[in-house]
Amino acid sequence: MNIIEIIDKKRLGNELTYDELNYAFLGYLNKRHEDYQMSSLLMAILINGMTKEETINLTDIFIKSGDIYDLSKVSDKIVDKHSTGGIGDTTTLVVGPIVAALGCYMAKISGRGLGITGGTIDKLESIPKFNVNLNKKEFINNLRNVGFVDCSQTKRLVPLDKIIYNLRNNSGTTESIPLIASSIMSKKIASGANIILIDIKVGSGALIKTKKDAKLLSSWMKEIGKKYNKKVITIISDMNVPLSNSIGNALEVEEAINVLKGSKGRLYEASKEIASLLISMAKNITVEEASELVDEVIKNGKAYKKFIQFVKAQNGDLSKLKIDAKIKVIKSEKTGVLKNIDALKIGQLALKLGAGKINDRETIDYSAGIKLYKEINDKVKKGDILATLYTNKNIKLSNEDVNCFDIK
Ligand code: URA
């Protein structure tokens with residue numbers, strides 16, 4: 001067996017065996033293959049796809065590349081949620097504190113930005129000193145003491161996802177359904193939760209572009225969950241419009257805080273739906289009852305307090321959250337009704353401003369991003385402010401770059 005033969009086999013659209021996948025992927029983790037060889041294989045997978053069997057096998061290889069946590073001593077009901085990726089999707093930072101404020105436990109491994117989509121780990125790292133690299137003992141202690149813990153993949157915990165994730169981001173191979181399934185499900189299974197909600201985002205600003213792909217991904221993820229004795233539920237939600245009015249790492253942390261303090265809008269609605277489903281399963285109550293509890297802990301300030309406790313427990317210093325360098329205010333050039341905010345264009349613009357990166361030579365500007373000021377169907381007058389752009393980069397933006405708003 002050699003890596004070139006495996007690349008060729010996938011390039012020709014053939015099914016790889018468990019041993020071949022193991023040889024290629026674990027071999028890459030163990031530095032036996034080069035970045036360019038693995039990138040070729042990822043591209044062949046993106047183009048030709050993988051069967052359900054291959055996807056299940058690859059997930060197993062990802063999981064077994066590191067430790068598997070047993071959290072049963074903390075609780076027999078540990079919840080987790082994961083989004084397949086979108087623009088302004090900060091639901092984790094709202095849902096986690098709500099769940100914990102209601103006495104439940106949420107244990108999570110998150111990812112970084114992938115393609116144009118943002119990642120929770122980058123958002124958390126925009127909080128100065130926030131520690132996303134927890135060892136097993138720290139992970140379990142924080143879960144027990146706070147009720148919500150969130151960290152990155154490590155050298156011990158799904159290390160294969162850590163390196164493949166980065167390579168996918170740098171090689172234009174983020175949008176592969178089997179690679180998304182194995183990346184997400186390996187993290188979910190290795191980190192020990194037994195009630196898992198996957199929010200499958202579909203639309204221009206998502207990695208998944210069609211409902212058909214979303215349904216396929218949903219059924220494969222449920223099947224993977226079954227294999228490891230986990231309850232997996234999925235929701236399919238729209239990502240044609242950014243999920244919140246702030247896009248960019250520190251800006252999204254600020255927006256999550258606002259929602260936890262009671263501000264309403266798309267981010268609140270999406271977070272409430274996810275939190276209610278998780279709480280209802282963890283507490284064995286109806287979704288309606290759970291939904292009332294969610295509103296209660298936002299109203300009485302317990303969810304916000306939990307967020308502060310969560311940040312402190314992972315050493316973060318919220319007083320130093322930095323959002324500076326406003327470069328441009330985008331004003332409406334006409335009067336009418338705001339029909340659409342193009343999530344894809346917003347994601348591309350945020351990337352250009354420095355909120356994400358496309359190779360390892362670049363660094364993320366945590367304070368870069370976009371603030372939006374109008375909702376869909378709002379009346380807009382010529383000269384009204386639609387957005388402000390934040391960056392520390394010295395860049396020139398074309399009309400095309402900032403053409404994200406459809407006003408009719
Ligand atoms: N989130 C992940 O963790 N992995 C993906 O592939 C996409 C979103």
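Author: Helices here are DSSP runs of H or I with at least four residues, and strands are runs of E with at least two, both numbered from the N terminus. You're looking at a predicted model, so local features need pLDDT of at least 70 and side-chain atom pairs pLDDT 80 or more, while totals for chains, interfaces and linings use all residues. Residues count from 1 along each chain as its sequence is written, and side-chain values use heavy atoms, without hydrogens and water.

Reader: Okay, in which loop does Asn-359 lie?

Author: Look for the two elements on either side of Asn-359. One is helix H15 (343-353) and the other is S9. That puts Asn-359 in the loop between H15 and S9.

Reader: Which backbone nitrogen does the side chain of Asn-359 reach at 3.1 Å?

Author: Both contacts here are polar (a pair of N or O atoms within 3.5 Å; within protein, one able to donate a hydrogen and the other to accept it, and sequence neighbours count only if both atoms are side-chain atoms). A polar atom of the Asn-359 side chain lies 2.9 Å from the backbone nitrogen of Arg-361. At 3.1 Å, that side chain reaches the backbone nitrogen of Glu-362.

Reader: Which residue in S11 does Lys-371 stand opposite?

Author: Follow the antiparallel pairing of S9 with S11. Across from Lys-371 you'll find Thr-388.

Reader: And what is the bridge partner of Leu-338 in S12?

Author: Strand S8 (336-341) pairs antiparallel with S10 (379-380) over 2 bridges, and there Val-337 stands opposite Lys-379. S8 also pairs antiparallel with S12 (405-407), this time over 3 bridges. In S12, Leu-338 is partnered by Ile-407.

Reader: Which element gives the largest share of the shell around the ligand?

Author: The shell holds residues with a heavy atom within 4 Å of the ligand, including Thr-84, Leu-114 and Tyr-165. Strand S1 (78-83), helix H8 (159-171) and helix H9 (177-190) are the elements that give two or more residues. The largest share, 4 residues, comes from H9.

Note on methods. Two strands pair if DSSP finds at least two bridges between them.
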